[in-house]
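Below is a short briefing on one predicted model.

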Amino acid sequence: MDALENGGLSPESIDAAFDEIRKDDLDWSAGRCFAYVFSAGEDVGAVAKRAYTAFMTENALDPTSFPSLVRMENEVVQIAAELAHGDAAVGNFTSGGTESILLAVKTARDHGRAERGIERANIVVPDSVHPAFHKAAHYFGLDVTSVPVRKDFRADPAAMAAAIDENTVLVVGSAPSYAQGVIDPIPELAAAAADRGTLMHVDACVGGFFLPFLEQAGHAVPAFDFRVPGVTSMSLDLHKHGYCPKGASIVMYSDPDLRRYQLFSHTRWAGYGITNATVQSSRGGASVAAAWAVLRYIGADRYRKLQTEVRACVLDLCNGVNAIDGLHVLGEPDGSLLAFSSDSLDVFSLVDAMREKKWYIQPQFGHDHVPKSVHLTVTPINVPHRDAFLADLAQCVAELRVSTSQDSPPADPMAAMAAAFVSGQLSIPDAVSAIGADPARTAGDSAAINRVLDALPAEHAEAVLREYFHQMYASS
Ligand SMILES: Cc1ncc(COP(=O)(O)O)c(C=O)c1O
């Protein structure tokens with residue numbers, strides 16, 4: 001074998017290899033990365049690591065063999081249920097927001113099938129909803145009715161109500177949405193769902209461990225949880241504002257009977273009787289142990305403090321961004337996320353300019369009436385850097401104003417180029433150089449690619465992205 005050494009490596013050479021392997025990764029620990037990583041500090045990381053390694057070998061595949069894992073899972077769900085005011089709520093620990101959402105959609109489909117005789121189910125979502133709902137529908141054979149959001153980027157309850165039909169098994173709202181960080185009008189959406197006898201899911205993957213502590217600290221938080229009549233399920237991510245290691249989320253149901261539609265069991269083989277509560281079968285104990293430990297270690301007081309500091313930082317960033325000539329925040333963010341756009345500058349070039357200054361901010365495509373924008377997820381590790389961030393942002397805006405043309409290349413050549421890429425005639429580096437970027441400077445030259453993707457019809461952009469990933473995950 002060439003790919004695997006016969007003799008194996010020493011632990012020291014593995015450490016050294018890691019240093020080399022990760023040299024191009026985002027340096028999240030410097031607090032200059034506004035996406036992907038939720039860190040509450042080194043001490044929390046150290047507690048998580050100890051707990052993670054303590055249970056990395058146990059397997060929740062058979063909970064009767066490892067009651068420790070059931071106990072920790074139930075205790076973590078109990079904490080989430082209390083935060084969400086789900087007095088009778090039951091739930092499960094999953095690998096992340098997407099798995100929680102997959103399960104909530106599958107549960108709604110099976111509930112609709114069993115209780116309402118629905119053969120081909122649909123879900124009604126605002127078009128700001130996380131793609132995990134589209135993925136769930138794609139995986140499990142449901143249709144999606146995607147309803148445009150209002151001008152304030154929140155779901156439109158009247159339009160959502162009008163979109164519900166006799167095959168609707170689930171209505172969805174976000175608390176908050178990822179892209180603009182606003183909370184949908186959950187009470188109105190839940191009332192419309194209840195009116196039509198359908199289930200209602202609140203995607204609180206981002207807000208589930210953030211908003212309750214903010215409310216407890218005295219902030220006004222729009223109603224979004226199980227206190228709202230008609231809300232039947234929720235997803236809450238521990239690996240976001242719970243500050244637990246990745247691979248940690250919770251899906252919960254207000255009515256315990258609903259959870260029965262989530263479970264899977266199989267005895268029709270000559271093996272052991274399999275019953276799975278979630279998508280995974282073999283399931284390591286590491287994530288649940290780490291989540292259990294981090295929640296308990298941080299404790300409610302520190303969560304309240306952390307989330308209050310993050311919220312104050314978000315408000316300062318919003319004010320700071322709005323004060324920069326040419327930039328404006330989209331809507332009124334309700335939690336820890338925000339997005340800003342520009343009428344006069346190419347925000348994708350701004351992302352690259354900030355990258356040159358070692359900041360990572362996330363480019364977002366435009367959709368319907370929502371312009372292309374820049375997204376920031378704010379976590380405790382970012383808080384001390386807000387002034388430095390705003391100063392560099394203002395400087396980049398000033399520099400871009402004098403240095404770049406605002407014109408995007410025309411759409412048709414880009415479509416032709418993307419089609420050539422999909423058919424294998426053009427590589428991404430060639431595509432990038434064809435529109436004037438330098439393929440050698442990969443980290444800083446995303447603007448040209450993003451302009452192409454933003455301008456393409458969605459199905460074309462999606463095909464390009466799939467092809468790009470197909471090529472990326474190739475053995476070298
Ligand atoms: C609102 C929302 N829902 C769901 C998800 C999916 O979570 P995950 O990436 O953990 O699967 C995300 C991720 O950012 C999110 O922001």
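Ala-114 is part of helix H4 (residues 97–116); helices (H or I, at least four residues) and strands (E, at least two) are DSSP runs, numbered from the N terminus. This is a predicted model, in which local features need pLDDT of at least 70, side-chain atom pairs count only at pLDDT 80 or more, and totals for chains, interfaces and linings use all residues. Residues are numbered from 1 along each chain as its sequence is written.

**Ala-114**
- Ala-114 is exposed because 11 other C-beta atoms lie within 10 Å (buried means 20 or more, exposed 12 or fewer, partly exposed in between, with C-beta atoms placed from the backbone).
- Between Ala-114 and Glu-73 there are 41 residues in sequence and 28 Å in space, C-alpha to C-alpha.

**Sheet**
- Four strands form an open sheet in the order E10-E11-E13-E12, with antiparallel pairing (two strands pair if DSSP finds at least two bridges between them).
- Strand E10 (327–329) and strand E12 (362–364) are at the edges with a single partner strand each, so one side of each has no neighbour in the sheet.
- E10 and strand E11 (residues 337–342) run antiparallel and are joined by three bridges.
- His-328 has Ser-341 in E11 as its bridge partner.

**Ligand shell**
- Residues around the ligand include His-130, Asp-203, Cys-205 and Asp-237 (near means a C-beta atom, placed from the backbone, within 6 Å).
- The shell comprises four nonpolar, six polar and two charged residues (Ala, Val, Leu, Ile, Met, Phe, Trp, Tyr, Cys and Pro count as nonpolar, Asp, Glu, Lys and Arg as charged, and the others, Gly among them, as polar).
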